[in-house]
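Grab the structure, try each task, then check the worked solution.

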Amino acid sequence: MMTLTAAALLLAACTNTQKADDPLGDSGRTLRTEHLLQHLQALGDSTVYLFGHHDDTVYGIGWEADYTNDSTVHRRSDVQSICNDYPALLSFDLGHIEHGDSLNLDGVPFQRIRQEIIAHFDAGGMVTLSWHVDNPLSGGSSWVADSLKAVETKTVAAVLEGGTKHDTFVSWIDRVADFLNSLETPYGVKVPVLFRPWHEHTGSWFWWGQDHCTTDQYKALWQMTADRLKERGVVNVLYAYSPGTEPDGDDAKYMERYPGDNIIDVMGLDCYCFASDGDTTKIAGYAAQLDKNLSMICRVAKEHGKVAALTETGYECIKTPDWWTHTLAPVLARHPISYVLVWRNAYNRPDHYFAPYPGQQSVADFVHFYNDPRTLFLHDINALYLK
């Protein structure tokens, strides 16, 4: 898998455990955060990409980590149980941190998420964070409830400056800032992460979605978030912009609510395969849709000097045994993306998983996907570092 041109493409940019200084770069972010962006850009210029899985090391099908035992940090994974390797990219969600809760929306302690992030960084990996933030106006979740639609359309306006929930929401962003600032190793290095709020906004299932705010309001939401995190001293974050598939390959529609080159580092796309019972026609339709949209993403990202990525994808329950090598991989091979992320394997929902686990029908195919020279897992990143 050593097809990258530089052995320096170790994503963590620092895998030792001795005391290390953590200087700021010209951008005002740490040098390691700047290096992470450079590494992602180099991946986009190569023929390889990172594989990622959401919540990979905290739970899986039929198991949940022992959150009371620190010795279990980074010790189990459905992916690792199949191929004896971890994803190069881990993803976690900050939902409910806004309330000062100790557990996120999926019941994972924030303290454990912090430990997993630091452990993955020390192992040479990369981390991305999403934020399914509750609705500060309705008191509901991120997801739009039919009974509250009249409220949902007012939420973004309410959190912006001058809105009735502005002060409350700024305090919520501050809690995100506190968490990001707490991502520091014992040897004094802030862990660089990719933050991906306000995602899938081209749909309308979240309160910040297309039908619930104007273009200017959505952009102002992004600007307020980035400005406040900077004010709070956050220096270890890159930002990802990730609409759904609604732009359908149209550059103008994709860019309609883009918050600006001064904020965004990664241009992505969330695109899922919805094919009940392995419907081959729908699977082929997903591949065509993904191909069309990744062409757009890579084209626009290049024009703006940004990194391209498939920020979320997957096929729930993976209902065909060869989905990895016959559906996903052939499309990804045609586009210069930096990473692909599949969603979680829920410990409490046996019909909600997006990566295989021991005994699942696509295991053998996933091992072939793992052995594909174009896919990078954690061992590959370590090998690049040691080369």
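**Exercise 1.** Which residue forms a salt bridge with aspartate 174, and how far apart are the closest N and O atoms?

Solution. Keep in mind that this is a predicted model.
- Start with the distance: the partner is arginine 232, and the closest N and O atoms are 3.8 Å apart. With a cut-off of 4 Å, the pair counts as a salt bridge.
- Aspartate 174 sits in helix H5 (residues 166-181), while arginine 232 is in the loop between helix H6 (215-231) and strand E7 (237-241), so the bridge ties together distant parts of the chain, 58 residues apart.
- Now check accessibility: aspartate 174 is buried at 12%, whereas arginine 232, at 33%, is partly exposed.
- Finally, look around the pair: Asp174 and Arg232 belong to a salt-bridge network together with Asp178, Arg228 and Glu231.

**Exercise 2.** Find the salt-bridge partner of arginine 196, and decide whether each of the two side chains is buried or exposed.

Solution. 
- The structure has 15 salt bridges to go through. In one of them, arginine 196 meets glutamate 312, at 2.8 Å from N to O.
- Arginine 196 has 1% relative accessibility, so it's buried. Glutamate 312 has 3%, so it's buried too.

**Exercise 3.** Aspartate 55 is buried: what is its nearest side chain of opposite charge, and how far away is it?

Solution. 
- Locate aspartate 55 first: look in the loop between strand E1 (49-54) and strand E2 (59-60).
- The nearest opposite charge is arginine 344, 5.1 Å away. A salt bridge needs 4 Å or less, and aspartate 55 has none.
- Arginine 344 still turns up among the contacts of aspartate 55, as do Ser91, Phe92 and Asp106, once neighbours within four places in sequence are set aside.

**Exercise 4.** How many disulfides does the whole structure hold?

Solution. 
- The search comes back with 0.
- Take cysteine 273: the nearest cysteine sulfur belongs to cysteine 271, 8.5 Å away.
- Cysteine 273 is buried, at 4% relative accessibility.
- For cysteine 298, the nearest cysteine sulfur is again that of cysteine 271, at 13 Å. Cysteine 298 is buried as well, at 12%.

Conventions: Residues numbered from 1 in each chain as written. Predicted model: local features only at pLDDT ≥ 70, side-chain atom pairs only at ≥ 80, totals over all residues. Heavy atoms only, no water. Disulfide = S-S within 2.5 Å. Buried < 20%, exposed > 50% of the residue type's maximum accessible area, 1.4 Å probe, protein only. Helix = DSSP H or I, 4+ residues; strand = E, 2+ residues; numbered from the N terminus. Lys, Arg positive; Asp, Glu negative; His and termini not counted. Contact = heavy atoms within 4.5 Å.
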